[in-house]
Each structure stands twice: as C-alpha cells, then as structure tokens.
Amino acid sequence: MHGSAALARIAPSGTTAMTDRAIELRESGLDIISLSVGEPDFPTPPHVIEAAKAALDAGQTKYTAVGGTSQLKQAAALHFARDLGIEVPASQVTVSAGGKQAIFHAMLATVSEGDEVIVPSPWWVSYPEIVRFAGGKVVPLLTSAKDNFRFTAADLEAQIGPRTLWLLLNSPGNPTGAYYPEEMLRGIGEVLRRHPRVMVLSDDIYAPINYAIDSNGGRPHATLANLCPDLADRILTVSGVSKSHAMTGFRIGVAAGPQWLIKAMEKLQSHSSGNPCSISQAAAVAAFAGPQDFLAEWRERFRQRRDKVVAAINAIPGLSTPTPDGAFYCMIDAAPLMGRFGDDMKLTLHLLEHGVALVPASAFGGRDGFRISFAADDARLEEALRRIEKALT
Ligand SMILES: Cc1ncc(COP(=O)(O)O)c(C=O)c1O
C-alpha cells in the first residue's frame, strides 16, 4: 500500500523520538515535567462551559451552516474589531475546526503546484507541512535570536520572487514569542504594495497574550489588516479561542478576509469536515462576546512566568534567550553547548533524562536550541528550571 503523492511530501512530527522516550521514562517511574505543550494550563472559563451545557440542553446538536452560525460569525466579527482593530462584516468571517483548519483550507484553496510561500523560521511546525501538502514550495525566511526572531522589510523583499503567493506571518509567534510592532508591520506593508500578487496570512491566534499591550502605553495589538487597510483584500487574519480562552479541545478557529477567499475556504470545508461542532460554536460565542476581564489576569500570570524563565535561562552558562513579547514560549539558544552534545535533539534528550520534556529548535526549522512552553503550573515550572540547570552544570 502507498500513500498519496501529497502525503509523501509531508514529514511526520520531528518530536516523535522525544515523545516515545518521555513515555518510556514515565512508565519506568521517572517524574517528567512537560514544558512542551502549546496550550494554557488554566481551566476554560466557567461562563464558556455553561454556554456549552446550555447548547446541549437546548438541543443544538445538529448541522449548522458550513462556515459557522450567524451568532458566532457576528461574535467573531466583534472580536476582530475589538481586539485586532479589523472591521469586517460577518459575511467576511468564517469558522473552522481550530485555527489549524482555517490555515489548511486557506492554503489548499489557493496554492497551485510550484507557488512559493514565504515562511519565517523558526516556524510553527504545521506551516511548512501544510504548504507542501498543498503543492507549494516553502521559502524559509531565517530569523535569529539577536533580532528577537523578527525579519525586516528588506529581508522579506529579498525572498519575494515571481512565484511568491503567500507570506505566513505569525505575531506573536510560536515558537519564539516574536511580536511585530506597528513600525515593522508598516514597513512590511510598503514591501507588499510593490508586490501586488503576494497575499498575507496573518496568524494572530496569540494576540490576547501580547505583553507589549501592557507595556507600551495602551497601544493595541498591531496587525497588518488594521494598519494597512488598502491591502485588506489580500490579507487573511486567523484567530481563535484555543489559546486565548484555554479552549484547545473545543476546536474552534476563525478567519477574516476577502469575500472570495472566505467563500473558497467554505467551499472546501463543505466537502471536508462540514460545519464545526455546534456545541463548541455556542461556547465560542460566549468566549468572544462574554466577559474578557480574566484575560488581563492570565496575561499577567504568563508575564511573571516569562520573566522567571528568561532570568533563569540567561543565568545558565551556554544558554540564552531574548525576552519574548507574546505567547507563552521562549526559544532558547544553546549553540555554545553543541560541541558537548552534538545537536539540539541530543541536548533535549539529555534534558529529558533529567526529567524535563522540551522541543528541539530543529523541529521548528531552527537549530542549536529548544523551546520552553511556560504554560505550566508555577511550582512545576520552577522545578523544571532547576532540573535544566542541574543537567547542564
Ligand atoms: C501559531 C499557531 N497557529 C495556529 C495554531 C492552531 O491552533 P488551533 O488549536 O486553534 O488549531 C497553533 C496551535 O498550536 C499555533 O501555535
């Protein structure tokens, strides 16, 4: 039996060896602290849970419109306006089974064999695989710790060619926490004006976890569709409730963009998953339209953990990290330790033997480092940092 040609173009997760070893070690009785997961450790807010229960009790258990209920489209439009400054009618919003599916459908609906997609690296693991599955060619745009893992407008322009179709822009980003402030986005907008074929997928799923919001005098989260409205007809902004509202299991993502693209994504969705889960949609309405005050508190707790991680890591010889401006990840540079360990996979396996599960930078198209997710309980996080120090010194 053979898989399809499209399947052959994608790679299995680069972390399988790590996960297998973590299971083995746990089964042998070792206490493993996982700093490898990409989801908040906080419980889903009670008003969201109540909305899901009420939807069940009300019998909302049937098919909905393929691209989401009108209530959720309206609540998502409210979220785009309030949190991202993007004014869109509900008809230019679509709902899918997680942000991941929105990205998958956007690429499958637009990319033809040989189209190029610029993907800044280190990247979120699914971006390059989705592009390749769709038949596109991944053009990596390398960023490094010394630039806080951000590319400049000039870096971008150097990668654009006649076949460039998309730029995948993730801010704040996974796995680096990099955030592109207003000035940088305006520069990127200038480049895009010179290249009218290029579209941008702006993945803003971590926007509510943006520490710069609190430290830059109340300036809101910056995003391209808000700052460059003249480019709005080629920007798809992706968001959701998974990260901001601790709802990863509900599988709801939303996207706002030009009508033709939203329609194309819904056409595809009508033949893949169909509508997103009806109960989850009702819960997501409560998430977007209900109280948001807990977000500031969660952000503050994440910020305190971030500061703890950055201080502890930068005090360990051979490790360093810039301070991320958003999300709940730190990308740690361990280049000085490569002589001792060989590569970052071997280094993370060594740290796993000392009781901490992490993801090597190479799984994200980076090198010589690893990602820490600080979406973990404070006491466990502190213990994990102690173990990393002990394992390396
Ligand atoms: C950058 C980024 N985009 C999208 C997603 C997808 O999120 P969801 O769980 O809503 O599919 C993730 C999840 O890890 C992510 O890190």
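Good morning. I begin with a pair of helices, H5 and H6, whose axes come within 9 Å and cross at roughly 35°. The model on the screen is a predicted one, and every value I quote is computed from that predicted model. As to handedness, H5 passes H6 in a right-handed crossing.

Which residues make this contact? On the H5 side they are Lys100, Ile103, Phe104, Met107 and Leu108, and on the H6 side they are Ser126, Tyr127, Ile130, Val131 and Phe133. Sorted by class, the contact of H5 with H6 holds eight nonpolar residues, one polar residue and one charged residue.

Let me now turn to the largest pocket, to which these helices also belong. Its space comes to about 770 Å³. Helix H5, spanning 99–110, and helix H6, spanning 126–133, are the elements that give two or more residues to the lining of this pocket. The largest share is that of H6, with four residues.

The next topic is the domain arrangement. The chain is assigned two stretches of structure: domain 1, made of 5–43 together with 294–392, and domain 2, covering 62–289. The C-alpha centres of domain 1 and domain 2 are 25 Å apart. Across the boundary, 32 residues of domain 1 are in contact with 35 residues of domain 2. The largest pocket involves both domains, as its lining draws at least three residues from each of domain 1 and domain 2.

How many cavities of 30 Å³ or more does a search of the whole structure find? The search finds four. The largest cavity holds about 120 Å³ of space. Of the 16 residues that line the largest cavity, Pro120, Pro122, Asn170, Gly173 and Thr176 lie nearest its centre. Two strands, S3 at 116–121 and S5 at 164–170, are the elements that give two or more residues to this lining. S5 supplies the largest share, three residues. By class, the lining of the largest cavity has ten nonpolar and six polar residues, with no charged residues.

The second largest cavity has about 80 Å³ of space. It is lined by 14 residues, and those closest to its centre are Asn148, Thr176, Ala178, Thr323 and Pro324. The lining of the second largest cavity divides into seven nonpolar, five polar and two charged residues. Here too the domains are both represented, with at least three lining residues from each of domain 1 and domain 2.

I close with some points of backbone geometry. Where is the cis peptide bond with omega near 0°? That bond runs from serine 121 to proline 122. Another cis peptide bond, with omega near -10°, runs from serine 171 to proline 172. Proline 172 is placed in the loop between S5 and helix H8, the latter covering 182–194.

Finally, phenylalanine 149 is a residue other than glycine with a positive phi, near 55°. Phenylalanine 149 belongs to the loop between strand S4, at 137–142, and helix H7, at 153–159. Thank you for your attention.

How values were computed. Residues numbered from 1 in each chain as written. Predicted model: local features only at pLDDT ≥ 70, side-chain atom pairs only at ≥ 80, totals over all residues. Heavy atoms only, no water. 1 Å grid on protein atoms, 1.4 Å probe; cavity = no way out; pocket = protein on both sides within 12 Å on 5 of 7 lines; lining within 4 Å. Points joined across faces, edges and corners; volume = space filled by probe spheres on them. Domains from an automatic or database assignment. Axes fitted to C-alpha atoms, helices over the stretch in contact; angles between N-to-C directions. Left-handed = near helix turned anticlockwise from the far one by under 90°. Contact = heavy atoms within 4.5 Å. Nonpolar A, V, L, I, M, F, W, Y, C, P; charged D, E, K, R; others polar.
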